[in-house]
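Please keep the structure open as you read.

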Amino acid sequence: MIAASRIATIEEVHQPPPAEGILSAIGNTPLVLLNRLFGDRFYLYGKLEMLNPGGSIKDRTAMRMLLEAWEQQRIGPETTIIESSSGNLGIGLAQACSRLGLRFICVVDTLITPTNLAVLKAYGADVRLVERPHPVTGDLLSARIELVQDLCRTIKDSFWVNQYANLTNAKAHYQTMAEIHRELPLLDYLFVATSTCGTLRGCSEYARKNGLSTRVVAVDACGSVIFGDQPKKRLIPGHGASRLPELYYSGLEDDHVKVSDIECVRGCFHLLRREAIFAGGSAGAVVAAIARYQASIPDGATCAAILCDRGERYLDTIFSKEWTGQHFGDASLTMEEADQAWEV
């Protein structure tokens with residue numbers, strides 16, 4: 001006898017899939033003591049976000065934005081996900097879409113590294129390359145956003161994730177800060193790189209809503225507009241923005257530090273040499289910011305630094321002598337010279 005099939009209810013059709021399989025490994029990353037960077041005057045811990053399965057903190061954002069959109073019935077099994085990203089969020093979305101069975105179009109530009117491009121394609125992302133700057137603004141990001149908007153208009157049942165304005169981006173990092181707070185309940189300083197400002201906003205709002213006395217120090221790039229500078233060319237992705245993110249509002253940060261590209265390079269080498277942590281550009285920026293800020297940190301203070309992604313994705317840039325020599329000339333440093341630059 002053949003059992004009668006049951007017709008699924010509307011609620012069941014729109015029920016988001018569970019965060020299982022590889023997605024269940026996202027979050028709860030280690031928080032480790034970094035006692036070889038700046039001596040023992042204060043305590044510094046590193047949140048190792050590169051140990052998320054897709055290699056960066058953006059795994060959290062990607063999964064949370066997709067599952068919440070599904071729960072709100074804004075996407076479903078046939079939806080095409082679209083986003084502009086030449087880096088970690090694109091890879092995080094490619095991973096999540098692959099696991100959830102969703103088509104993903106990733107709009108990138110010519111600054112994407114060969115490694116990131118290869119990873120996106122390996123996950124099955126449909127990669128669209130923007131080769132020319134926007135005719136009005138003159139920047140590649142605006143040209144990418146314009147293409148995303150065109151794709152959304154022409155592709156039926158499509159969804160633009162829009163990481164710069166999506167509040168779920170910030171909400172994903174309530175959990176990041178909750179994990180840090182659980183292990184460091186008396187945290188004095190948190191250093192966090194800024195780009196979309198999702199991590200900054202999520203961590204800052206969690207701290208304030210829970211009455212924490214933690215001072216949140218935003219780490220930005222020279223040439224980024226987030227804290228009022230004029231935009232200029234930047235070489236290292238992962239922090240900074242050429243347009244003010246909709247997620248940002250003044251006062252999220254208690255203080256901020258601007259870091260140059262060469263300081264990022266030195267910070268990456270310092271972190272690798274002293275702590276054997278092979279991390280990406282924004283982690284180097286955070287290390288460089290702490291080096292600059294350390295005179296303001298009281299003796300015995302407890303600090304945490306969010307280290308966002310893996311160093312392997314920067315083998316063609318930060319960790320390439322040819323690349324650093326081309327862009328920084330005599331200012332480029334070997335690993336040993338970078339280590340000695342911040343001798344403590």
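## The annotated span

The end C-alpha atoms of residues 23-309 lie 17 Å apart, and this span is 38% helix and 18% strand; helices (H or I, at least four residues) and strands (E, at least two) are DSSP runs, numbered from the N terminus. An unreviewed UniProt entry lists these residues, 23-309, as "domain: Tryptophan synthase beta chain-like PALP"; such annotations may be inferred rather than shown by experiment.

The model is predicted, with local features needing pLDDT of at least 70 and side-chain atom pairs counting only at pLDDT 80 or more. Residues are numbered from 1 along each chain as its sequence is written, and side-chain values use heavy atoms, leaving out hydrogens and water.

## A helix pair

Axes are lines fitted to C-alpha atoms, for helices over the stretch in contact, and angles run from 0 to 180 degrees between N-to-C directions. Helix 3 contributes G90, I91 and A94 to the contact, and helix 4 contributes N116, V119 and L120 (heavy atoms within 4.5 Å).

Four strands make an open sheet with parallel pairing, in the order 5-4-3-6; pairing requires at least two DSSP bridges between two strands. Strand 5 (126-130) and strand 6 (158-160) are the edge strands. From one strand to the next, the twist averages 20 degrees.

Helix 3 also packs on this sheet, where it touches strand 3 and strand 4 (103-109).
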